[in-house]
Amino acid sequence: MYGQDKIGVCIGKVVNKYKVGKHFKLNICDNDFRFEVDQDRVQKEAALDGIYIVRTSLSNEQMDTDETVRSYKQLSRVEQAFRSLKTIDFMVRPIRHRIEDRVRAHIFLCMLAYYVQWHMMEAWRPLLYADEEQEAKATRDPVAPAKRSNSAMQKVHTKRLDDGSRDHSFRSLLVHLRAIVRVTCRCSGEENKSSTFTMDTTPNSKQQKAFDLLQTIHL
């Protein structure tokens, strides 16, 4: 292949594919080309590798440096919320509405459902795989890698709670609660509907604990 333009086009395809153009010095001629690694640029990039800057408009009295970084890392919870809304839990999409007010109502109900779910998950932390030691998050080193507490890791490894009962995910706990049913009973041979009554199955200890924890939610 000859010609500076043709050689440059071929080199451009490779550079654009691997995104490494800034790390090389290129000298393209009509009959050939030469390249070398730009060592100065590579060293500058290496010095900044893994470093990012978080900037806020709040004053230091309102949010200091550590709190700014911790707040930025909370974005992961927002991403989890969107994932929950769009896929695994509420299936926001596809939205089969054509009127704007109905679309807004659909999204509002999904957000309201997630709000309820969030409070349930917070209350049920002692029964779930979730980490119960939340206070440490407010004071831990914001730059250091996040680590689960020893109690949370114990849950993960043993799949058991401190009392020896089974640990749950949020969804499996809901499935466990479905075993509670209400039965409509009527005495045999009685045609008078006034004799009809209902009975609820008695919750087991895990189910009752889940209901008791829900009572601790205060909005």
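How many helices and strands are there in the protein?

Guide: The protein has 8 helices and 4 strands, where helices (H or I, at least four residues) and strands (E, at least two) are DSSP runs numbered from the N terminus. This is a predicted model, in which local features need pLDDT of at least 70 and side-chain atom pairs count only at pLDDT 80 or more, while totals for chains, interfaces and linings use all residues. Residues are numbered from 1 along each chain as its sequence is written, and side-chain values use heavy atoms, with hydrogens and water left out.

From the N terminus on, the order of elements is α-β-β-α-α-α-α-α-α-β-β-α. The radius of gyration, taken over C-alpha atoms, is 30 Å, well over the 17 Å that the globule rule (2.2 Å times the number of residues to the power 0.38) gives for 219 residues, so the protein is more spread out than a compact globule. Its C-alpha trace spans about 105 × 45 × 40 Å along the principal axes. Buried residues (under 20% relative accessible area, with a 1.4 Å probe and protein chains only) make up 18% of the 219 residues.

Now to the pockets. A pocket is defined on a 1 Å grid over the protein atoms alone, as an open set of points where a 1.4 Å probe fits, with protein on both sides within 12 Å along at least five of seven lines; lining residues have an atom within 4 Å of a point. A volume is the space filled by probe spheres set on the points, which are joined across faces, edges and corners.

The largest pocket has a volume of about 1400 Å³. It is lined by 35 residues, of which Arg77, Gln80, Met121, Arg125 and Lys137 are the closest to its centre. At least two lining residues come from each of α3 (65-73), α4 (75-88), α5 (100-123) and α7 (170-177), and α4 gives the most, with 6 residues. By type, the lining of the largest pocket holds 13 nonpolar, 8 polar and 14 charged residues; Ala, Val, Leu, Ile, Met, Phe, Trp, Tyr, Cys and Pro count as nonpolar, Asp, Glu, Lys and Arg as charged, and the others, Gly among them, as polar.

The second largest pocket has a volume of about 230 Å³. Among its 13 lining residues, Pro126, Leu127, Leu161, Asp162 and Asp163 lie nearest the centre. Here α6 (150-158) and α8 (205-214) each supply at least two residues of the lining, which divides into 3 nonpolar, 4 polar and 6 charged residues.

Methods
Buried < 20%, exposed > 50% of the residue type's maximum accessible area, 1.4 Å probe, protein only.
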